[in-house]
Amino acid sequence: MTMTSSYGSLVPFLLLTALVMAAVSESRRSFQEIVSQSGGDAATDGTQWAVLVAGSNGYYNYRHQADVCHAYQILKANGLKDENIIVFMYDDIAENEDNPTKGIIINKPNGPDVYHGVPKDYTGDETTAANLFAVLLGNKTALSGGSGKVLNSGPNDHVFFYYTDHGSTGLVCMPVGDYIYANELMNVLKQMHEAKKYMNMVVYIEACESGSMLQGLLSKDMGIYATTASNANESSWGYYCPRDDDPSKYDTCLGDLYSIAWMEDSDAHDLGKETLQEQYLAVKKRTNLSHVMQYGNTVLSKAFLSTYMGQSSKKVSSVPLDELSSSNSLAVPQRDADLVFFQRQVQKAPKGSAESVEAQKRLDEQIAHRSHADLSINQIVNHLFGDSIAASMLTAVRPEDQPVVDDWDCLKTFVRTYEQYCGRLSEYGMQYTRAMANMCNAGVNKDRMEAASIQACSGKAE
């Protein structure tokens, strides 16, 4: 009797144990499937694709196109084919009159030429948001100009997307035309996922407030792992910038800190032996002036870099990683990097020359535009909210699990309204889209924003 009772009491325990073990087994199986599919355990039969985007133009923005050219060289050296690498760059740097080495672009002091061989898929007026979206979606009929290359990827393929340029709360730039807003990019990524345009995808974004492009938006079930140069509330940094006493013939920053960190790390490693997570940690350590973030499905970071970037037994760089990490090269906030160039132009021009006068004029114009942006935005916020809470509208940030704005159409409308009456935001003025997002979240409508903009700017665009 006692034995029967004891046996009976064990039945629920044994059943519970079996259920727990089954759940653990399923969890392990699911985890290993994900890692395997992402390339963590073995290579797949799919194709590796890459889309590389430099979102700026102008010689003072040299670094962004240099970043993209360097990224291309890494992928090419590791076996990706040109037919699977799609490049957006305005292409006004290599032959620019301010470039001391015509036809050559470098991404670090005394570095190699990274411009040679780079496919010129979308250049000049072709570098638009509309063309980029068409490329990502594989929609040739929506293209306007360019090489015609689009992402012809499928459900077994791995896609690497790298963007570098200026950004701000909720948006990033393109050289020509409209901004790319976070919700627009997210809609394109969702369409790619629904159309099975990839098995898994990796996204790297270099821009100020780049975290705002993904924060609260990128879900874990889309098969995308992403890292950004900064969180949703801070600047990213230009790198390899000339110091005041630097005799360098280059008067502009040659790269960006986060971008340099991931690319020089890739140069120095066998990509088949380093995982995305290991690179993220290395980049996070080196990029010590902003908070490098990760979003999406972080399980995918168990994959080796070679899953997305190819693999070669050769190392492109001979510089030890500890030397890279301890480099004391000058870093400058992205929005101040243009001033480095214009100030250097003034310093180098012969005093009293026409060249000196023109250089000073260009610098003065940059400073005046900054003052205009500061003053006009502050007047708009004060008009709408009064002095008591104006400061909070400029600086308030949202929790990391929430998008920066609830109504994206409101943010787009406010940006257009401001630019209609007060002039283009420019790289510096873009920092104020945070205030516009906060105004949208506070319930300000278009009519009030328009009235405040007219009052602040007298109805005339700067």
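The largest pocket is lined by 18 residues, and Pro109, Asn110, Asp246, Ser248 and Leu254 lie nearest its centre. A pocket is an open set of points on a 1 Å grid over the protein atoms alone, with protein on both sides within 12 Å along at least five of seven lines; lining residues have an atom within 4 Å of a point. This is a predicted model, in which local features need pLDDT of at least 70 and side-chain atom pairs count only at pLDDT 80 or more, while totals for chains, interfaces and linings use all residues. Residues are numbered from 1 along each chain as its sequence is written, and side-chain values use heavy atoms, with hydrogens and water left out.

**Largest pocket**
- About 330 Å³ of space lies in this pocket, the volume being the space filled by probe spheres set on the points.
- Its lining divides into nine nonpolar, six polar and three charged residues.
- Nonpolar covers Ala, Val, Leu, Ile, Met, Phe, Trp, Tyr, Cys and Pro; charged covers Asp, Glu, Lys and Arg; the others, Gly among them, are polar.

**Whole chain**
- The protein chain has 15 helices and twelve strands; these are DSSP runs, with helices (H or I) of at least four residues and strands (E) of at least two, numbered from the N terminus.
- Of its 462 residues, 54% count as buried.
- Buried means under 20% relative accessible area, exposed over 50%, and partly exposed in between (1.4 Å probe, protein chains only).
- Among contacts between residues at least 6 apart in sequence, 78% join residues at least 24 apart; a contact means heavy atoms within 4.5 Å.

**Strand 7 and its partners**
- Seven of the seven residues of strand 7 are buried, so this strand is largely enclosed by the rest of the structure.
- Asn200, Val202, Tyr204 and Glu206 point one way, and Met201, Val203 and Ile205 the other.
- Strand 3 (residues 158-164) pairs with strand 7 in the parallel sense over seven bridges; pairing takes at least two DSSP bridges between two strands.
- Tyr163 stands opposite Ile205 in strand 7.
- Strand 8 also pairs with strand 7 in the parallel sense, over five bridges.
- Here Val202 stands opposite Tyr225 in strand 8.

**Helix 4**
- The 13 residues of helix 4 (residues 182-194) should span 18 Å at 1.5 Å a residue, and the end C-alpha atoms are 18 Å apart, which agrees; the expected span is 1.5 Å times one less than the number of residues.
- Its buried residues are Ala182, Asn183, Leu185, Met186, Val188, Leu189 and Met192.
- These pack against helix 3 (129-137), strand 6 (180-181), strand 7 (200-206), strand 8 (224-228) and helix 12 (408-422).
- Just after helix 4, Lys196 takes a positive phi of about 55 degrees.

**Sheet 4-5-6**
- Three strands form an open, antiparallel sheet in the order 4-5-6.
- Strand 4 (167-168) and strand 6 stand at the edges with a single partner strand each, so one side of each lacks a neighbour in the sheet.
- Strand 4 and strand 5 (residues 171-172) pair over two bridges, with Ser168 opposite Leu171.

**Two loop residues**
- Arg335 lies in the loop between strand 12 (330-333) and helix 9 (337-348) and, at 9% relative accessibility, counts as buried.
- Beyond four places away in sequence, Arg335 touches residues including Ser168, Glu209 and Glu427.
- Asn233 lies in the loop between strand 8 and strand 9 (237-241) and, at 30% relative accessibility, is partly exposed.
- Asn233 touches Glu209, Val397 and Arg434, not counting residues up to four places away in sequence.
- Asn233 and His291 are 58 residues apart in sequence and 9.6 Å apart in space, C-alpha to C-alpha.

Notes: 1 Å grid on protein atoms, 1.4 Å probe; cavity = no way out; pocket = protein on both sides within 12 Å on 5 of 7 lines; lining within 4 Å.
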